[in-house]
Amino acid sequence: MYPHGELAGLEVYKTALRRRIAARRVECAVAAEGAMRPLLWLDRAVVLWRKIRPFARLATIPLALLLKRTLLPRVGFFTTLLRWTPAIFSAGRALNALRRQPQR
């Protein structure tokens with residue numbers, strides 16, 4: 001079939017090709033890890049938010065009142081935000097209920 005010299009050359013080429021493939025696999029794995037890092041942070045933040053969301057809802061109004069009295073006594077925006085907070089939560093609950101309804 002092939003002379004011995006060509007087989008040896010093909011073996012050297014095959015070994016070099018396998019090394020390049022292995023190196024590229026490592027490069028791709030490192031690049032994928034770097035690309036996934038922000039998504040992992042986001043995933044952790046979502047999990048943390050789901051854990052503290054019930055407590056955050058309960059603590060919103062008392063914390064807002066405390067901040068208003070201590071840090072921002074004369075800021076009109078904060079007062080307006082406090083006034084609209086119940087309506088915003090109600091609208092959020094209504095949108096969430098609409099989202100959970102089955103599609104027709």
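This is a predicted model: local features need pLDDT of at least 70, side-chain atom pairs count only at pLDDT 80 or more; totals for chains, interfaces and linings use all residues.
Find them in the structure before you read on. The space in the largest pocket comes to about 190 Å³.

Which elements give two or more residues to this lining? They are helix H1, which covers 4–70, and helix H2, which covers 76–100. H1 gives the most, with five residues.

Now step back to the whole chain. Its secondary structure comes to two helices and zero strands. The chain has 104 residues, and 3% of them are buried. The accessible surface of the chain is about 10,000 Å². Carbon and sulfur atoms account for 67% of that surface.

Start with Thr85, which is found in helix H2. Is Thr85 buried or exposed? Its relative accessible area is 11%, so Thr85 counts as buried. The cut-off for buried is under 20%. Thr85 and Thr60 are 25 residues apart along the chain, yet their C-alpha atoms are separated by 9.1 Å.

Leu81 is also found in helix H2. With a relative accessible area of 38%, Leu81 is partly exposed. That label applies because 38% falls between the cut-offs of 20% and 50%. Pair Leu81 with Ala64. In sequence, they are 17 residues apart. In space, the distance from C-alpha to C-alpha is 9.4 Å.

Met36, Leu39, Leu40, Leu42 and Val46 make a nonpolar surface patch. The area of this patch is about 440 Å². Take Leu40 as one of its members. Leu40 has its place in helix H1. How accessible is Leu40, and what does it count as? Its relative accessibility is 43%, so Leu40 counts as partly exposed. A residue in a patch needs over 30% relative accessible area, and Leu40 has 43%.

Terms used. Residues are numbered from 1 along each chain as its sequence is written. Side-chain values use heavy atoms; hydrogens and water are left out. On a 1 Å grid over the protein atoms alone, a cavity is a set of points where a 1.4 Å probe fits but cannot get out, and a pocket is an open set with protein on both sides within 12 Å along at least five of seven lines; lining residues have an atom within 4 Å of a point. Grid points are joined across faces, edges and corners, and a volume is the space filled by probe spheres set on the points. Helices (H or I, at least four residues) and strands (E, at least two) are DSSP runs, numbered from the N terminus. Patches are made of residues with over 30% relative accessible area and no salt bridge: like charges are joined within 9 Å, nonpolar side chains (Val, Leu, Ile, Met, Phe, Trp, Tyr) within 5 Å. Accessible areas come from the Shrake-Rupley method with a 1.4 Å probe; for residues, only the protein chains shown count as cover. A salt bridge is a side-chain nitrogen of Lys or Arg within 4 Å of a carboxyl oxygen of Asp or Glu. Buried means under 20% relative accessible area, exposed over 50%, partly exposed in between (1.4 Å probe, protein chains only).
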